[in-house]
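Please read the following briefing alongside the sequence and the three-dimensional model.

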Amino acid sequence: MKGLAIYPGSFDPITLGHLNVIKRAAKVFDKIIVCVGSNPNKKSVFSMEERVEQVKKVCARFPNVEVDYSDRLLAEYCRSKDAHIIIRGLRALSDFEHECQMANFNRKMNPELDTFFLAADSKYTYLSSTAVKEMARYGADLSEYVPREILKEIELKFGNGGK
Ligand code: ADP
């Protein structure tokens with residue numbers, strides 16, 4: 001499919017579930033911008049700078065994926081990039097209501113904008129940044145959940161670097 005798509009999220013931190021969405025979307029669209037934002041409902045553990053660096057490290061392997069950040073309203077950010085497509089991942093019914101609301105809100109703010117949903121791979125339906133942080137707090141092995149490029153950094157943040 002032609003064109004540019006924006007994949008927005010908090011990515012606090014980026015997980016293998018996010019990476020799976022990026023990999024699949026990058027095959028479909030000419031270019032993806034992964035846009036790191038801040039979700040006012042969630043206090044982030046990693047700073048914006050840390051999250052952007054992590055996503056950059058992980059996405060370096062994809063020639064058509066760029067990484068950016070924004071504190072603006074998503075619909076406005078998309079307009080500034082002349083982008084008409086937002087990508088979001090759906091894990092479970094519990095994601096659905098909120099995601100539908102956001103998609104409709106964004107289309108109201110910017111009628112040229114549409115949201116494309118990718119169903120989470122069944123391997124990752126239970127995986128969230130929140131679950132990763134919870135496991136990291138208890139020193140669990142994170143290698144099945146986060147990209148290898150950022151594994152050490154996450155362990156260090158939670159004081160598990162000496163394992
Ligand atoms: P936000 O705070 O904007 O929801 P997240 O970083 O939590 O940001 O999620 C960004 C997007 O990635 C959302 O669409 C979310 O549903 C999706 N996502 C998160 N985890 C997964 C996963 N394991 N598989 C597929 N999509 C996911």
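Buried means under 20% relative accessible area, exposed means over 50%, and partly exposed is what falls in between, all with a 1.4 Å probe and protein chains only. By that rule, strand S1 (residues 4–9) is mostly covered, with 6 of its 6 residues buried. The model is a predicted one, in which local features need pLDDT of at least 70 and side-chain atom pairs count only at pLDDT 80 or more, while totals for chains, interfaces and linings use all residues. Residues are numbered from 1 along each chain as its sequence is written, and side-chain values use heavy atoms, with hydrogens and water left out.

- Helices (H or I, at least four residues) and strands (E, at least two) are DSSP runs, numbered from the N terminus.
- S1 is covered on both faces, with Leu-4, Ile-6 and Pro-8 buried on one side and Ala-5, Tyr-7 and Gly-9 buried on the other.
- S1 runs parallel to strand S2 (residues 31–36), to which 6 bridges join it; two strands pair if DSSP finds at least two bridges between them.
- Within this pairing, Pro-8 has Cys-35 of S2 as its bridge partner.

- Phe-11 lies in the loop between S1 and H1, and its phi is near 50°, a positive value in a residue other than glycine.
- With a relative accessible area of 1%, Phe-11 is buried.
- Pro-13 is placed in the loop between S1 and H1, and a cis peptide bond with omega of about 0° joins Asp-12 to Pro-13.
- Asn-20 belongs to helix H1 (residues 16–28) and counts as buried because its relative accessibility is 13%.
- The side chain of Asn-20 makes a polar contact with the side chain of Arg-24 at 2.9 Å; such a contact is a pair of N or O atoms within 3.5 Å, where, within protein, one must be able to donate a hydrogen and the other to accept it, and residues adjacent in sequence count only if both atoms are side-chain atoms.
- Not counting residues up to four places away in sequence, Asn-20 touches Asp-121 and Tyr-124, contact meaning heavy atoms within 4.5 Å.

**Packing of H2 against H6**

- Helix H2 (residues 48–59) and helix H6 (residues 148–157) pack at an angle of about 155°, with their axes 9 Å apart; axes are lines fitted to C-alpha atoms, for helices over the stretch in contact, and angles run from 0 to 180 degrees between N-to-C directions.
- H2 and H6 are therefore roughly antiparallel to each other, given that angles under 35 degrees count as roughly parallel, over 145 as roughly antiparallel, 65 to 115 as roughly perpendicular and the rest as oblique.
- Glu-50, Gln-54, Lys-57 and Val-58 of H2 meet Glu-149, Ile-150, Glu-153 and Lys-157 of H6.
- Sorted by class, this contact of H2 with H6 has 2 nonpolar, 1 polar and 5 charged residues, where Ala, Val, Leu, Ile, Met, Phe, Trp, Tyr, Cys and Pro count as nonpolar, Asp, Glu, Lys and Arg as charged, and the others, Gly among them, as polar.

**Two further loop residues**

- Asp-82, in the loop between helix H3 (74–81) and strand S4 (85–90), has a positive phi of about 55° although it is not a glycine, and it is exposed, with a relative accessible area of 56%.
- Asn-110, in the loop between helix H4 (93–109) and strand S5 (114–119), is buried, with a relative accessible area of 3%.
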